[in-house]
Amino acid sequence: MPRPFRFGVNMLTIDSGPAWREKCRRAEELGYDVLLVPDHLGWPAPFPALVAAAEATERPRVGTFVLNAGFFNPALLAREVATTDALTGGRLELGLGTGYVKAEHDTAGLPFGTPGRRVDHLERTIGELDRLLGDPEYRPQAVQRPRPPLLIGGNGPRMLRLAAQHAEIAAFTGGRQAPGKPEGTVELLPPEKLAASVAAYQEYAAVRAEPAELNILVHQVLVTDDRRAAARDVAARGMGLDEEQALEVPTLLIGTPAQLAEQLRERRERYGFSYITVLDPFLEAFAPVIEELKGS
């Protein structure tokens, strides 16, 4: 049997406390299962935002999508994780990544280093979180034992191996730094490259006792009766995809709500993606798809 769908929304902005809480309640009302916050300078601080999200809602879990491990000392991060898990009643899912925007590290006065050094730091961080949060004497103590579920996001071989070894949720962004464009500008991987990443992950994960949940970040939800016209528009915007790729790639959803639901069923069958994350500008547009797939 395929793993049931779960739906998350990555929430990027806070206008005010009341508006944030109302947006979280609206996401719960629409059927989202996880309320997520990213980790970039100039955007909301993840942990207080998640505590507020949990206080405003009853059902959804809350999570980081994903923390920049380079911003954190592992011991201090363990304290944040345990406290947030306690304050949210054991609803936290911890997403971790290496960080990819050098300018943010420069602004924070933190070393950026090579990709290898960033993965090294992430690996040390995971080991320390496992050690500290798994210790029954550690304080403050998380509600979830031995620690909150771990999501790891990334594309490179070492990141895929880390996810296969440690994560309850393996996340695929399907994006990369766009060549020749300003730092932080993302272009989407074509379907065949994303499929290759998933295949590599599955090879690394073959020895797992229990399969992980697979997550995909959907960058745009384009509700339309004319899929091909929308795909042509995507191709014209320089996102790294041609028209045919835009119709096929799992990081885009294009079509009517019924077509979008069918695309997700097919991509769950082909790639294993059952945990679907959308960005909050598409909070309302994606809601009819959640209704279509309820219970499946």
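User: What distance does the polar contact between the side chains of His40 and Glu104 have?

Analyst: This is a predicted model, and its distances should be read as such. His40 is placed in the loop between β2 (34-37) and α2 (46-56), and, leaving aside residues up to four places away in sequence, His40 touches Tyr100 and Glu104. The side chains of His40 and Glu104 are joined by a polar contact, and its length is 3.1 Å.

User: Is His40 buried or exposed?

Analyst: The residue belongs to a loop, the one between β2 and α2, so the class has to be taken from its relative accessible area, which is 17%. Buried means under 20%, and by that cut-off His40 is buried.

User: How are α1 and α2 oriented to each other, roughly parallel or oblique?

Analyst: Helix α1 (residues 17-30) and α2 have axes that come within 9 Å and cross at roughly 60 degrees. Angles under 35 degrees count as roughly parallel and 65 to 115 as roughly perpendicular. The crossing of α1 and α2 is right-handed, and the angle makes α1 oblique to α2.

User: Which residues of α2 meet α1?

Analyst: On the α1 side, the contact is made by Trp20, Arg21, Cys24 and Arg25. By class, the residues of this contact of α1 with α2 divide into six nonpolar, no polar and two charged. The residues that α2 contributes are Ala49, Ala52, Ala53 and Ala56.

User: How many of the 11 residues of α2 are buried?

Analyst: The buried residues of α2 are Pro46, Phe47, Ala49, Leu50, Val51, Ala52, Ala53, Ala54 and Ala56. They pack against α1, β2, β3, β4, α3 and β5. The helix α2 is thus mostly covered, and of its 11 residues the number buried is nine.

User: What is the C-alpha separation of Gly17 and Ala52?

Analyst: Gly17 lies in helix α1 and counts as partly exposed, at 30% relative accessibility, whereas Ala52 is among the buried residues of α2. The two are 35 residues apart in sequence, and from C-alpha to C-alpha the distance is 8.3 Å.

User: How are α5 and α6 oriented to each other, roughly parallel or roughly antiparallel?

Analyst: Helix α5 (residues 115-133) packs with helix α6 (residues 157-166) at an angle of about 10 degrees, and their axes are 11 Å apart. Angles under 35 degrees count as roughly parallel and those over 145 as roughly antiparallel. The two helices, α5 and α6, are therefore roughly parallel.

User: Which residues of α6 meet α5?

Analyst: From α5, the contact draws on Gly116, Val119, Asp120, Leu122, Glu123, Ile126 and Asp130. Sorted by class, the contact of α5 with α6 has five nonpolar, two polar and four charged residues. The residues of α6 that meet them are Arg158, Met159, Leu162 and His166.

User: Which elements are included in what covers the buried residues of α6?

Analyst: In α6, the residues Met159, Leu160, Leu162, Ala163 and Ala164 are buried. Two of these residues, Met159 and Leu162, also take part in the contact with α5. The cover of the buried residues includes β5 (92-97), α5, β6 (150-153), β7 (169-172) and α7 (191-204).

User: Which residues does Ala69 touch, not counting residues up to four places away in sequence?

Analyst: Ala69 lies in the loop between β4 and α3 (74-87), and at 1% relative accessibility Ala69 counts as buried. Leu122, which takes part in the contact of α5 with α6, is one of the residues that Ala69 touches.

User: What is the omega of the cis peptide bond from Arg139 to Pro140?

Analyst: Most peptide bonds are trans. A cis bond runs from Phe65 to Val66, with omega near -15 degrees, and Val66 is in the loop between β3 (61-64) and β4 (67-68). Pro140 is likewise placed in a loop, between α5 and β6, and the cis bond from Arg139 to Pro140 has an omega near 0 degrees.

Terms used
Residues are numbered from 1 along each chain as its sequence is written. This is a predicted model: local features need pLDDT of at least 70, side-chain atom pairs count only at pLDDT 80 or more; totals for chains, interfaces and linings use all residues. Side-chain values use heavy atoms; hydrogens and water are left out. Axes are lines fitted to C-alpha atoms, for helices over the stretch in contact, and angles run from 0 to 180 degrees between N-to-C directions. Helices (H or I, at least four residues) and strands (E, at least two) are DSSP runs, numbered from the N terminus. Contact means heavy atoms within 4.5 Å. Ala, Val, Leu, Ile, Met, Phe, Trp, Tyr, Cys and Pro count as nonpolar, Asp, Glu, Lys and Arg as charged, and the others, Gly among them, as polar. Buried means under 20% relative accessible area, exposed over 50%, partly exposed in between (1.4 Å probe, protein chains only). A polar contact is a pair of N or O atoms within 3.5 Å; within protein, one must be able to donate a hydrogen and the other to accept it, and residues adjacent in sequence count only if both atoms are side-chain atoms. A crossing is left-handed if the near helix is turned anticlockwise from the far one by less than a right angle, and right-handed if clockwise.
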